[in-house]
Amino acid sequence: MTAPTKTMTCRDLGGPCDLEHEGTTADEVINAQDRHLKEAERAGDAGHQEARDAMKGRWRHPKRSLDWYNGVKRAFAERPVR
Ligand SMILES: [Zn+2]
């Protein structure tokens with residue numbers, strides 16, 4: 001049996017759009033968002049640049065990012081399965 005998937009949007013993760021990321025864990029949706037932001041940056045999407053820079057900063061400052069990460073994990077846990 002596979003774990004149920006849940007959905008969080010780019011906006012839920014600090015981004016500017018409503019693209020939905022699906023995953024069975026918070027880490028999966030965070031990774032999906034990371035890929036999405038990298039693609040947006042490559043495409044020259046200025047709207048996503050701020051979120052992309054914040055994401056890059058998170059990997060550089062893992063301790064400072066813990067609050068954000070725990071917040072996402074909590075939001076993911078509270079999200080209903082659909
Ligand atoms: Zn987005």
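Which residues does A32 touch, not counting residues up to four places away in sequence?

What you see is a predicted model, where local features need pLDDT of at least 70 and side-chain atom pairs count only at pLDDT 80 or more, while totals for chains, interfaces and linings use all residues. Residues are numbered from 1 along each chain as its sequence is written.

Okay, the overall layout. The chain has three helices and two strands, and they follow the pattern β-β-α-α-α along the sequence. Helices here are DSSP runs of H or I with at least four residues, strands are runs of E with at least two, and the numbering starts at the N terminus.

How big is the chain along its principal axes? The C-alpha trace spans about 40 × 30 × 20 Å.

Of the 82 residues, 23% are buried. Buried means 20 or more other C-beta atoms within 10 Å of the residue's own, exposed means 12 or fewer, and partly exposed is in between, with C-beta atoms placed from the backbone.

Back to A32, then. A32 sits in helix α1, and its contacts beyond four places in sequence are H21 and G23. A contact here means two C-beta atoms, placed from the backbone, within 7 Å. A32 counts as partly exposed because it has 18 other C-beta atoms within 10 Å.

Now, helix packing. Two packed helices are described by the angle between their axes and the distance between the axes. The axes are lines fitted to C-alpha atoms, for helices over the stretch in contact, and the angles run from 0 to 180 degrees between N-to-C directions.

Take α1 (residues 26–42) and α2 (residues 49–60): they pack at about 125°, and their axes are 9 Å apart. So α1 is oblique to α2. For the cut-offs, under 35 degrees is roughly parallel, over 145 roughly antiparallel, 65 to 115 roughly perpendicular, and the rest oblique. On the α1 side the contact uses D34, L37, A40 and E41, and on the α2 side Q49, A51, R52 and M55. By class, that contact has four nonpolar, one polar and three charged residues. Nonpolar covers Ala, Val, Leu, Ile, Met, Phe, Trp, Tyr, Cys and Pro, charged covers Asp, Glu, Lys and Arg, and the others, Gly among them, are polar.

What about α1 with α3 (residues 66–78)? Here the angle is about 115° and the axes are again 9 Å apart. The contact brings A26, V29 and I30 of α1 to V72, K73 and F76 of α3. Its residues divide into five nonpolar, no polar and one charged.

Is V72 buried or exposed? V72, in helix α3, is buried, because 20 other C-beta atoms lie within 10 Å. Leaving aside neighbours within four places in sequence, V72 contacts L13, A26 and I30. V72 and K56 are 16 residues apart in sequence and 16 Å apart C-alpha to C-alpha.

Last stop: S65, in the loop between α2 and α3. With 16 other C-beta atoms within 10 Å, S65 is partly exposed. The C-alpha atoms of S65 and M55 are 9.0 Å apart, for a gap of 10 residues along the chain.
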